[in-house]
Structures are given as structure tokens and as C-alpha cells.
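Please keep the sequence and the three-dimensional view at hand while reading.

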Amino acid sequence: MDVLFETINVQDLLSSSESPSSPLSAPDLRLLISRLDAHSLRIKSTVQSYLLSHHADFSSLFSQCSDVVSKSDHLSGDIVSLLNLISDQPIEADVERIIREIVDKRREAREKKEILDFVGVVLELDRKFGVVRDHMKNGRVVEAAEGLRELKEAVGLKGNSDSEAAVEGDPVVYGILKKQWTDCFEEIQDFLLRCMESAVQFEEEGNAVHIKHELSIDGIDGLELYTVLQALNVADILDYGLAKVADLITKYVLNPIISCRATPSFIEEMNHEAGHVSEGVLKMVPSVDPKGSKVDGELMYSYIVQIIEFVNKFLCFHNGSWMCCFGRLTWSRMSDMIISNFLSKVVPDDASKLAEFQEIRKLTIDFETTLKELMFISPSDGKDEKLSKFADNVEVHFASRKKIQILAKARSLLLQCNFSLPQDYITKNSGINKEEHAENIPNHVVLLFSSEKCVVSEAARQLMELVHQTLTDVCLLPPKVGLEFYHTARNALVLYEAIIPVKLQRQLDSINQAAVLIHNDCLYLSQEILGLAFEYRPYFPSSVKELAVFVDLAPRFQLMAEEVLQRQVQLVIYNLNQAIDGAYGFQNTHQMKQFESAKFCIDQVAFIIEKVHIIWEPLLLPSVYEQSMTMILEVVFSRIAKEILLLDDMAAEETMQLQRLIQLLFEHLSSLLEPLLAVDLSGTAQEAIEEREYFILSIRKLRKLAELLDMPLKLITAAWESGELADCNFTPSEVEDFIRAIFTDSPLRKECLFRIDNSNIR
């Protein structure tokens with residue numbers, strides 16, 4: 001039969017081997033048709049042969065098909081008969097009812113079975129709760145704890161409290177079971193805690209800790225402490241059970257040892273009948289000094305290890321997990337007490353003693369290693385190595401302590417300094433006596449970048465000494481500590497800038513010694529700061545040298561000095577202008593009342609200038625004093641000259657009085673002017689020279705004005721034409737207005753005004 005399923009390749013039936021895509025010729029088509037016919041006949045012959053050879057099989061197949069058809073016809077007839085019977089006598093309602101009853105009965109039976117099973121489970125759980133309580137009453141606390149742990153899973157609880165109430169929709173009995181478990185848990189917890197309180201007792205009067213291994217409680221005799229701890233561990237409340245014990249041991253045992261107020265003494269009491277230790281007693285023997293003396297680190301660590309070994313033996317029974325639990329409850333507070341009462345106090349105050357601290361560091365590391373061996377602290381958790389980490393960072397702690405001390409000292413001296421000088425200082429250090437007594441003044445300093453000397457406050461001098469001492473230590477200390485000291489020195493300097501202007505705010509708003517001292521302090525600090533880099537930076541550790549900068553602080557103090565000085569100068573000028581304003585423009589001085597008023601103003605101006613001279617001259621740098629006084633006097637002389645030249649009408653007697661007032665002013669200030677006019681200007685800044693020239697011009701102008709008040713018109717005109725008045729800083733308009741105010745209108749006055757107006761003097 002394979003011939004039926006073979007594919008016919010038309011190309012094989014052709015004789016030519018042309019391409020399949022080429023068209024067929026007529027002979028080829030006839031050949032193809034004949035070969036296809038032959039192939040068809042061969043297929044038919046094959047099929048016929050196959051059918052004849054399998055005749056019996058096909059006959060059996062057809063017979064079975066006939067039987068199936070007949071049976072299906074018979075079944076169809078039966079179904080039709082059944083349907084006819086049902087339709088004639090309907091019973092589907094009864095069948096449906098019976099089926100429903102069967103389903104309901106089965107469901108009820110299943111539900112009753114489930115209820116019975118559930119009741120059985122509840123009864124079993126209730127029985128187990130009763131067993132747990134019986135175990136507790138009979139002292140079998142470990143079995144009770146284990147049973148309670150199994151019941152916890154059975155009732156579906158996760159925590160150890162009643163916070164997990166029954167879920168909404170659950171049977172009420174679930175909530176009852178959970179509450180029953182919670183009540184049972186609280187009972188066993190309370191019982192075990194009372195056992196711990198009975199086992200571990202603190203005798204405050206005798207300073208002793210008693211740990212009993214056999215207990216009698218609630219009528220239960222012979223209950224062992226080891227069994228109680230096992231029950232606490234099974235119930236997962238060992239932390240809770242040991243918490244109070246750990247707290248009391250820390251308070252009454254470890255705290256006195258660490259603060260060196262007591263020493264431990266250990267006693268073991270044997271039960272001779274049972275042949276084992278029944279009680280351990282730890283007595284605390286008070287030290288001779290009840291307030292505690294200097295802590296001996298080696299002895300303290302030894303005592304603490306003995307106490308931990310005592311706890312490990314009598315309380316934790318050499319159980320590593322129990323000891324670890326006790327350590328977690330105790331170590332944090334104990335390590336903090338050791339740091340605060342011992343390690344922090346033995347941190348060296350001097351950099352040269354840092355090496356001596358290494359012995360304490362070794363003792364501390366050995367102490368923690370021993371605690372790890374006792375399982376008191378975790379061998380793998382680095383967080384428990386608090387003491388060794390503190391000891392390893394002693395340089396940081398040393399730097400931190402010194403930083404606090406240095407800044408506290410700087411702040412204290414800045415707050416306590418009153419910026420005042422002795423009463424006899426001014427008389428000893430003014431004028432010609434200044435240089436004679438300069439060497440005897442402790443706060444008389446020489447500026448680094450100037451040959452001049454000035455007086456600074458005690459605060460500035462001590463602050464700079466503190467900074468020098470700190471930077472000297474930077475050169476000797478390790479880089480990490482040295483960097484901290486460098487920042488501390490900078491911060492100490494900044495404290496002056498932060499504290500003094502606030503503390504002396506009222507003094508800065510008035511003319512006094514304190515303001516002048518602040519100005520001098522700022523000049524002194526700015527120049528000292530500039531010298532710090534040259535003095536210390538080459539000797540700093542390399543890492544500190546890369547970061548050390550001082551030059552940024554110097555301009556801040558220089559600016560502060562200039563601001564304080566300018567504030568003082570402006571206050572003086574304001575007071576002088578207020579005094580000059582009281583003269584009312586020096587008008588009508590020929591009248592006695594007006595003359596007295598003007599004279600009082602001149603006296604007041606002289607008094608203010610003399611007061612400023614007394615305050616400034618002994619304290620300020622000579623160049624600063626001369627520059628400031630020159631500025632003030634130039635303002636005064638220019639203002640008085642301007643006021644007089646603004647008068648539009650002056651009587652003959654009035655000119656005489658004005659002349660007297662000007663002469664009176666120069667008489668008052670003669671002792672002050674002579675040193676200022678005799679100053680050598682070599683090496684002085686151009687700005688200061690210009691200010692001094694204006695000052696000299698103002699003096700010459702005012703003095704010349706006094707002469708003009710008593711000079712004939714022709715001489716005044718001649719003085720202008722000769723350039724004498726122009727050299728005294730008079731302008732043509734001022735001279736013309738002055739002539740008009742003094743002399744009445746006349747041909748001579750017109751001639752003189754014309755000559756002045758057409759003069760080439762500029």
C-alpha cells in the first residue's frame with residue numbers, strides 16, 4: 001500500500017531533462033498522459049489485491065458496525081419508552097425532594113462531626129491548661145513553660161501578651177482560649193519573677209548580695225534556681241527575669257567598685273546534706289575614704305572580673321547564653337560608668353603623658369578579652385568594645401578635653417577683663433613721661449611689623465599667650481591632635497571678635513579708654529596673627545601644614561580696629577559740632593550775652609579736645625594718635641573759620657571780640673598743637689601727609705582770619721595780591737564777603753573788591 005502514499009514527481013515521468021520552469025511540448029504532454037494512466041492502473045491493481053487479501057478483516061469490521069447500529073436503535077427505543085412513562089406519571093418532584101433531603105442530612109452529619117472534633121480540641125486544650133497549672137503548683141516550672149509554649153502555637157498567638165485579640169468573625173471561644181493562655185502566661189511569669197526575687201536578695205544594711213540555689217515559695221520546697229532560669233528561658237522571658245537583678249547588681253555592686261567606694265568579698269555556703277553549694281554571698285566592704293579616692297584601673301578591672309565570675313558561677317551556672325543575656329542588660333551602663341569615672345579622668349592633660357596612657361589601654365583591652373571569654377559580652381560584635389575603642393581614641397579625647405579647656409580659659413579671660421587702666425597710669429604715661437615708664441607697663445607691646453608701641457588690654461595679651469602656647473603644642477603633637485589644636489587656636493582668636501564688641505557695646509558708643517584699648521587690641525592681634533605663619537607653620541606636621549591658614553583672620557581684626565577708631569573719631573567730631581552749634585554762628589559777639597555764650601562754646605570745644613587728648617595720647621600708637629587728632633582739629637578750625645566767614649555784617653567791636661575768641665582757642669590748645677606741628681613726616685603714608693597739610697592750612701587760615709579781623713582794608717587787599725591769603729587756603733569769594741561784612745560801602749572798598757576780583761591769584 002505504500003504506492004498509494006508516494007508522491008508523484010511529474011519531472012520523473014518526462015524523458016527530457018529540461019528546466020521545470022520551461023514550457024512542455026505536445027509530445028511531452030502525450031507521454032505524460034500515457035504514463036499517468038499506467039500509474040493509475042498500477043494503483044488500482046494494488047488496492048484490489050490488498051482488499052482481497054484482507055477480506056476477513058473487513059467482513060468482521062462491517063459486522064461489528066452493524067451490531068452497534070442495531071444496539072443504538074434498541075437503546076433509543078428504550079429511552080423513548082422511559083420518557084413516555086415519565087411523561088404519563090411525573091415523579092421528578094419526589095426525586096428532587098429526596099435528593100435534597102439526602103444532601104441536607106449529609107451536611108448536618110458533617111457539621112456535627114466538625115463541631116464534635118472542635119469541642120474535642122477545645123477540651124484537650126483546656127485539659128492542657130489544667131496540666132500547666134498543675135505543673136506550676138507542684139513546682140515543675142520547666143514542664144509548665146514547655147506546655148505553655150506548645151499551647152501558644154495551638155491557640156494561634158505570636159506574642160507574649162493579650163494584644164492579639166480574636167479576629168472579627170472568629171468564634172468567641174478563640175478569644176477565650178487566647179485570654180486563658182495570657183492569664184496562664186502572666187501567672188507563670190509572676191511566679192518566676194517572685195522566685196528570682198526570693199533567690200537573689202540585696203541586703204542594703206550589710207552591703208551584701210545573697211544568691212540562693214534552693215527556694216521555698218508558695219508551699220513549694222526544694223525548687224532550684226537553675227530550674228527557674230530554665231523555665232524563664234523556655235518561656236522566652238529570661239531578659240525580663242534578669243532585668244531587675246542586673247539593675248540592682250549594677251547599682252549596689254558595680255557602681256561602688258567603679259567609683260572606688262568599696263571592695264568585694266566572696267563567700268560560699270555549702271549544703272552538707274546534699275553535698276553542693278546552696279548559697280553564694282557577695283559582700284561589699286566600704287573603702288577607707290567613703291567619698292572614693294583615685295581609681296586604680298588594674299585593681300578595679302580585677303574586682304569587676306571577680307564579680308562577673310561570681311555571677312557566672314552562682315547565677316548563670318556557667319551557661320553561655322544566660323551569661324550573654326545578663327551582659328546585655330548590664331554592659332551598657334557599666335561601660336559608661338567606667339568611662340566617666342575612670343577612663344575619661346585619666347586622659348592626659350599634657351601631650352607628653354600620652355605614652356603613659358598605653359598601660360591603661362592594655363589593661364582595658366585585656367579586661368574586655370576576659371569578659372568575652374566569660375561570654376559577658378559578644379566576642380564578635382564590635383559594638384561591645386566600647387572601652388577599648390575609647391582607649392584607642394585617647395588622642396581624640398585628649399584633644400577634645402584640651403580644646404574645651406583652652407576655649408573656656410579664653411572665654412573666661414575675655415569676660416572677666418574690665419578694659420580699664422589704673423588711675424595713675426595716664427599721668428605717668430602722657431607727654432614726656434610716656435617713654436620713661438613704657439618699660440614698666442606689662443601690657444605695653446611692640447607691634448611686629450612696626451617700630452611703634454601701644455598699650456593693649458590684659459585680655460588681648462593673655463589671649464595671645466594662650467594662642468602661642470597652643471601652637472607650640474601643635475608642633476609637638478601627632479597630626480590628628482595637632483590639627484584639632486590648630487583649629488582651637490583659631491577659635492580662641494575668633495572669640496575676641498565675637499565677645500568683646502557685644503560685652504563692651506556701651507563703651508563703644510562713648511569716648512573712653514575701653515574703646516581705645518579695643519582698637520589697640522585689634523591692631524596687635526592682626527599683626528600677631530600675620531606673624532604666626534612665619535613663626536610656627538614650618539614646624540607643623542605635614543598634614544597640618546597643608547591646612548594651616550592664619551592670614552584670613554588678620555584683615556578682620558584690622559578692619560575691626562579701623563571701625564572702632566572711626567567710630568570714636570566720629571563721636572568726637574559730633575560732640576565738637578554740637579558744642580560749636582551752641583555759639584549760633586558767632587553772631588553779635590559785641591553783645592555781652594552772645595560773647596559769653598560763644599566763649600563758653602570755645603571753652604567746651606577746648607575741654608572736649610583736651611579730654612580726648614588725655615584718653616588717646618597715652619594709649620594709641622603715636623602715628624594713629626597724630627592722624628586722628630589732626631583730623632579732629634582740622635574739622636574744628638575749619639568749622640569755626642567757616643562760621644565767622646559766613647557773617648554778613650560785623651561791627652568794629654564785634655571783630656575785636658571774634659579775634660579774642662580765636663586767640664582764646666589757640667591759647668587753650670597751644671600745648672596740644674606744638675607736638676603735632678613738630679612731627680617728623682618722613683616715612684609717613686601719602687594720605688596722612690595730605691591730611692596733615694589740610695590741618696596746617698586750617699590752622700594758618702584761622703590764625704590769619706584773627707589777623708584780618710584787625711587789619712585795614714588796603715593791607716587785606718595787598719595780602720591777597722601777594723598770595724599770602726591764598727596760601728592760607730582763602731578763596732576770592734571768602735575774602736570779598738569778609739570785606740563786605742567789615743567795611744562799609746565806599747569808593748575804596750569798590751576799588752579793593754575790583755582788584756581782588758581781577759587778581760590772577762588762584
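This is a predicted model: local features need pLDDT of at least 70, side-chain atom pairs count only at pLDDT 80 or more; totals for chains, interfaces and linings use all residues.

The charged end of Arg703 is placed over the ring of Phe666, at 4.7 Å from the ring's centre.

## The chain as a whole

The protein chain contains 30 helices and eight strands. Of its 762 residues, 41% are buried. Contacts between residues at least 6 apart in sequence were also examined: 71% of them join residues at least 24 apart. The structure holds zero disulfides.

## Aromatic pairs

A pair of aromatic rings is described by the distance of the centres and the angle of the planes. The structure holds 13 aromatic pairs. Two of them are set out in the table.

| Pair | Centre to centre | Angle between planes | Arrangement |
|---|---|---|---|
| Tyr301 and Phe342 | 5.9 Å | 90° | edge-to-face |
| Tyr486 and Phe550 | 5.6 Å | 85° | edge-to-face |

Which parts of the chain does the pair of Tyr301 and Phe342 link? Tyr301 belongs to helix 10 (residues 297-314) and Phe342 to helix 11 (residues 320-343), so that the pair links distant parts of the chain, 41 residues apart. Tyr301 is buried, with a relative accessible area of 4%, and Phe342 also counts as buried, at 4% relative accessibility.

The pair of Tyr486 and Phe550 has a helix on one side and a loop on the other. Tyr486 lies in helix 18 (residues 479-503), while Phe550 lies in the loop between helix 21 (542-547) and helix 22 (554-581); the pair therefore ties together parts that are 64 residues apart in sequence. Tyr486 is buried, with a relative accessible area of 3%, and Phe550 is buried with a relative accessible area of 3%.

Ring pairs can also join into a group: Tyr226, Phe317 and Trp322 are linked in this way into a cluster.

## The nonpolar core and a buried asparagine

The largest nonpolar core has 209 residues. Which residues have the most contacts inside this core? They are Leu315, Ile338, Tyr496 and Trp616. For Trp616, the partners can be named. Residues up to four places away in sequence are not counted, and Trp616 then touches Val516, Gln568, Val569, Val572, Tyr625, Ser628, Met629 and Ile632.

Asn520 is found in helix 20 (residues 513-536). Is Asn520 buried or exposed? Asn520 is buried, because its relative accessible area is 0% and the limit for burial is under 20%. When neighbours within four places in sequence are left aside, Asn520 is in contact with Cys454, Val455, Val456, Leu619 and Leu620.

Ser259 is found in the loop between helix 9 (238-258) and strand 5 (262-271). With a relative accessibility of 14%, Ser259 counts as buried. Which backbone oxygens lie by a polar atom of the side chain of Ser259? The backbone oxygen of Asn255 lies 2.7 Å from such an atom, and the backbone oxygen of Pro256 lies 3.4 Å from a polar atom of that side chain.

## Two residues with positive phi

Most residues other than glycine have a negative phi. Met375 has a positive phi of about 65° although it is not a glycine. Phe586, which is also a residue other than glycine, has a positive phi near 55°.

Met375 is found in the loop between helix 12 (357-373) and helix 13 (386-392), whereas Phe586 is in the loop between helix 22 and helix 23 (592-616). Their accessibility may be stated in turn. Met375 is partly exposed, with a relative accessible area of 33%, while Phe586 counts as buried at 2% relative accessibility.

Technical notes:
Residues are numbered from 1 along each chain as its sequence is written. Side-chain values use heavy atoms; hydrogens and water are left out. Rings of Phe, Tyr and Trp (its six-membered ring) pair if their centres lie within 6.5 Å; planes under 30 degrees apart count as stacked, over 60 as edge-to-face and the rest as tilted. Helices (H or I, at least four residues) and strands (E, at least two) are DSSP runs, numbered from the N terminus. Buried means under 20% relative accessible area, exposed over 50%, partly exposed in between (1.4 Å probe, protein chains only). A charge sits over a ring if NZ of Lys or CZ of Arg is within 6 Å of the ring centre and within 35 degrees of the ring normal. A polar contact is a pair of N or O atoms within 3.5 Å; within protein, one must be able to donate a hydrogen and the other to accept it, and residues adjacent in sequence count only if both atoms are side-chain atoms. A disulfide is a pair of cysteine sulfur atoms within 2.5 Å. A nonpolar core is a set of buried Ala, Val, Leu, Ile, Met, Phe, Trp, Tyr and Cys residues joined through side-chain atoms within 4.5 Å. Contact means heavy atoms within 4.5 Å.
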